[in-house]
Number of protein chains: 2
Amino acid sequence: MLAEGIVRESGRVASGGGKPRTLVEINPGALYAVGVQLGYESMTFVATGAGGGIVARQLVDGASLDSPEKVTDRLVAQFDAFVDAAGIPRASIAGVAVVAPGPLSADHGAILRSPTLRRWEGFSLRDRLSERLDVPVLIDNDAAAAAVGEFWTRRVPRTETFAGIYMGTGLGAGIIIDGALYRGASSNAGELGHTSVDLDGEPCFCGNRGCVERYAAPAAVLHQAREQSGRLTGLGLAFEDHTVTQDFDRLARAAVGGHPVAESLIATSARYLAAAVVSFVNVLDVDRLVLSGPSIAVAGSVYARAVRERLMESAFARQSHGVRVELATNPRDSAAIGAAALVLQSSVSPGHGPQLIRPN
Amino acid sequence: MLAEGIVRESGRVASGGGKPRTLVEINPGALYAVGVQLGYESMTFVATGAGGGIVARQLVDGASLDSPEKVTDRLVAQFDAFVDAAGIPRASIAGVAVVAPGPLSADHGAILRSPTLRRWEGFSLRDRLSERLDVPVLIDNDAAAAAVGEFWTRRVPRTETFAGIYMGTGLGAGIIIDGALYRGASSNAGELGHTSVDLDGEPCFCGNRGCVERYAAPAAVLHQAREQSGRLTGLGLAFEDHTVTQDFDRLARAAVGGHPVAESLIATSARYLAAAVVSFVNVLDVDRLVLSGPSIAVAGSVYARAVRERLMESAFARQSHGVRVELATNPRDSAAIGAAALVLQSSVSPGHGPQLIRPN
C-alpha cells in the first residue's frame, strides 16, 4: 500500500487532508527535510517541517566552473551552517535531497552530462555527500522535484494527470500519474526541453537538433537579446555566463513593463515553450500543468497565457477537456521545496527512482 | 489485484506464462474475442481465442465517405457473416472491440474528429452497435489497441516502459506503464502524430502546425510523390483518396527494391518519424518501442533503422540505457488483434478507459 501511494503519502503527511491512512513511521512534529537546488549560478537551500511548511531558506553561490570536489566541500559547509542557523537538530533531519538538471544516473547518484555542469560526469555526488554528511542523502532531477512539490502543496486529486513544467537555466518537466512521479526507464523522463520543435534546427548539447530549450530557455533568449543589444541599453544586461539568471530577470521585468524589444523576445520564448507543451500534452493527455522555476518568476503570466492559448487552439483532445494551466506561487524555490518533499516521500515509502542513502 | 494488473492479466490468459495468478472468471477454451480495425479504406476483422491465438481474419471495405449509419449496418452484417463463417458460437464471444483513429470520446464511445472519418462526430458507434449486436461492445483507439496487442504477444516484462508506434493512415502510439495501458485524462494519450516537428510548419487538421503526421504518414508521402510523379511512372500509383494504402504499399515496395525516388520519399518519411520519436522518448524515457500498423508492413525495416539510429545519436538518456526498437510480426493486423486483446482484458478487469457495454 505504501509503495503504491508514494506522493500522496507525503501529501498526507504535508496536509493532513485527503484519504486518511495510517502512517506508522513518522512523527510529523519531529522531522525536517532539507532540499537543495544545485545550479550553475546559485544553490538554494530550503528546510521544511514534516508538515511541508518552509522553516528556512537560503540562497548561496552556485557550482560555477568549480570542480565537483570543491563544490561538494562548499555544499557540506553550507549545509552545516544552514541547519545550525535554522536551529534544526541533526537527529530530526529525515534527509537532504540535492536536485540538479538532467540527465542523471539514478543508480550512481551522479549528474551525467549537463551543459552548465560539464565537469560532473562520473562523479557520484550522492556517495561523496553521504560520506561527508551524517544524514541520509538523495540526488534527483530538479524539474521532477518541482513537480512533486507543486502536486503536493496544491493537493491535486490523485486521479488527475498532472505535470510541472520547470524553467531554470534549462527546461524540464515532471509528470505525475495516479499520484506518483512517473520515472520512466532510467529516471530520466520528462525532458520536455529536448522536444525538437524544428527537426533541422539548431544543434543542442544533447545531440539532437531544434530542441525547444535552444529557443525558449534564458541563455537562448539572451543570445537573441545580445544581437539587439543596441535597442536594450539601459536595462543593465551584462551578458556574462554567470549573469544569465540576473540578465534574464531584468529582460523579463522590462518585458512586463512594456519595453517593446524585451516584450518581443519573451513572447518568442513563450511561443516556443507553448509549441513544445502542445506536443507534450498530446502525448500525455494532461489534466493540469503548473509552470515553475526561477525563469518564470518574473514573466510567468506571459508564459502561462501563451501556453493556455496555444492549448485551447490546438491541443488534440481539446474537444474532450481543457487543460488547466497554473503558475507556481513560489517559482524560484519550487525545485528546492520539491526536493524536501522527495526526502519526506522517500523516507516514508521508497518507491521507484533515486533512493535515500543512509550514512554509514 | 485484478484492477492493478489489467494487461498482464490478459497476457496471462494469452500465454499461460509470466507470474502465475489465479483467474477465476475465464475458461480459456470457451471464450472468443473479436477485434475490428475501422478505417477509411478497409475494416479488418480478427477473432482470437482466449489464449490469444488468431482463429479467423477477414478484410472488407472500409468506411469511405459513407454515413456512420450505413457503415454501422455493414459492420453489423459483416460481424454476423464473420462469426458464422468462423463457426464461433455467439454465446462464447466475450465481446467485440472496434478501434479507430483518435480523438475518441471514451464516455460516449464516439469518434470525434478524424480527417478520414469526418462525418462521425457525435455519433455514438458504441451505443448503436450495442443496440444491434447481441455481444458486449467496446470502442477504442487503434494505436492504443495495437500497443496492447504487441505488449501482450511479446510477453514484455511488466517493469519495462513500453510503447507501440502505429502507422496506419495516421500516426499514433500506445504507452504501457507498469503493465497497463496509459490512458491520460480522456483516453486520448499517445497522439505522437501530433507532435510538432516544425512549429511554423504545415497546418494540420487538429489545429496545430507542423505535426509529424503531415510529413511522415502515407497521405503526406503520396502528396510529395505526386509532385514527382513523372519520375515514378511504372509503379502503378493511382493517387486517389481510396487508394492511399495501396499506393503507399507500392511506393514502399519500390523503395525497398532500390527505386531511388521512392527510396528518398520513404527515407524522408522515416526521418520525420524518427525525429518525433526522439522527443517522445525524451519525455517518456522508454525501454522498448515496437513499430506496427499497415503502413510499416512493407518498409518497416527502413523505419526501424531510422528510428534506431536517431535514438542512438540523440536520445537524451542514451548514456543511461539504449532503447530497443522492434517491428511487429503482423503489422497490418496489429490494431485488430490488439482490439481483441482489449476485449479479453476488459472482460477480466475493466480498469480505466473505454468499457465493454453489454447488450440490453
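**View 1. Chain A as a whole.** Counting contacts in chain A with a separation of 6 or more, 67% are between residues 24 or more positions apart; two residues are in contact here if their C-beta atoms, placed from the backbone, lie within 7 Å. Chain A holds 10 helices and 12 strands, which are DSSP runs numbered from the N terminus (H or I and at least four residues for helices, E and at least two for strands). Of its 360 residues, 61% are buried; buried is the word for 20 or more other C-beta atoms within 10 Å of a residue's own, exposed for 12 or fewer, and partly exposed for anything in between. Bear in mind that this is a predicted model: local features need pLDDT of at least 70, side-chain atom pairs count only at pLDDT 80 or more, and totals for chains, interfaces and linings use all residues. As for labels, residues are numbered from 1 along each chain as its sequence is written, while chains are lettered from A and ligands numbered from 1 in the order in which they are written.

**View 2. A five-stranded sheet in chain A.** Follow the strands across this open sheet of chain A and you get the order 3-2-1-4-7, with mixed pairing; two strands pair if DSSP finds at least two bridges between them. Strand 3 (54-61) and strand 7 (137-141) of chain A each have a single partner strand, so each has one side without a neighbour in the sheet. On average, neighbouring strands of this sheet are turned by 20° against each other, direction ignored. Zoom in on strand 4 (residues 93-100) of chain A and you'll find it running parallel to strand 7 of chain A, joined by 5 bridges. Across from Val99(A) is Asp140(A) in strand 7 of chain A.

**View 3. Two helices lying across that sheet.** Helix 3 (residues 125-132) of chain A lies across strand 4 and strand 7 of chain A, at about 155° to strand 7 of chain A. Axes here are lines fitted to C-alpha atoms, for helices over the stretch in contact, and angles run from 0 to 180 degrees between N-to-C directions. Helix 4 (residues 142-153) of chain A lies across strand 1 (32-38), strand 4 and strand 7 of chain A, and runs at about 95° to strand 7 of chain A.

**View 4. Helix 7 meets helix 8 in chain A.** The axes of helix 7 (residues 244-256) and helix 8 (residues 260-284) of chain A come within 7 Å and cross at roughly 110°. That puts helix 7 and helix 8 of chain A roughly perpendicular to each other; the scale is under 35 degrees for roughly parallel, over 145 for roughly antiparallel, 65 to 115 for roughly perpendicular, and oblique for the rest. Helix 7 of chain A brings Leu251(A), Ala252(A), Ala254(A) and Ala255(A) to the contact, and helix 8 of chain A brings Ala262(A), Glu263(A), Leu265(A) and Ile266(A). Sorted by class, this contact of helix 7 with helix 8 of chain A has 7 nonpolar, no polar and 1 charged residues. Ala, Val, Leu, Ile, Met, Phe, Trp, Tyr, Cys and Pro count as nonpolar, Asp, Glu, Lys and Arg as charged, and the others, Gly among them, as polar.

**View 5. Where chain A and chain B touch.** Chain B can be laid on chain A by a turn of 180° and a shift of 0.0 Å along the axis, with an RMSD of 0.0 Å. That's the relation of a two-fold axis; the copies are superposed by least squares on the C-alpha atoms of residues with pLDDT of at least 70 in both. The contact draws 40 residues from chain B and 40 residues from chain A. On the side of chain B that touches chain A, helix 8 (260-284) and helix 9 (300-314) of chain B each supply at least two residues. The largest share of that side, 8 residues, comes from helix 8 of chain B. By class, the residues of the side of chain B that touches chain A are 17 nonpolar, 17 polar and 6 charged. The copies meet through the same surface, because 100% of the interface residues of chain B are also interface residues in chain A.

**View 6. Another sheet, this time in chain B.** This open sheet of 5 strands in chain B has the order 10-9-8-11-12 and mixed pairing. At its edges stand strand 10 (180-181) and strand 12 (324-327) of chain B, each with a single partner strand, so one side of each lacks a neighbour in the sheet. Strand 9 (residues 171-177) and strand 10 of chain B run antiparallel and are joined by 2 bridges. Ile176(B) stands opposite Leu181(B) in strand 10 of chain B. Helix 4 (residues 142-153) of chain B lies across strand 8 (162-167), strand 9, strand 10 and strand 11 of chain B, at about 45° to strand 9 of chain B.

**View 7. Val290(B) up close.** Val290(B) is in strand 11 (residues 288-292) of chain B. With 27 other C-beta atoms within 10 Å, Val290(B) is buried. Setting aside neighbours within four places in sequence, Val290(B) is in contact with Glu150(B), Gly164(B), Glu326(B) and Ala328(B).
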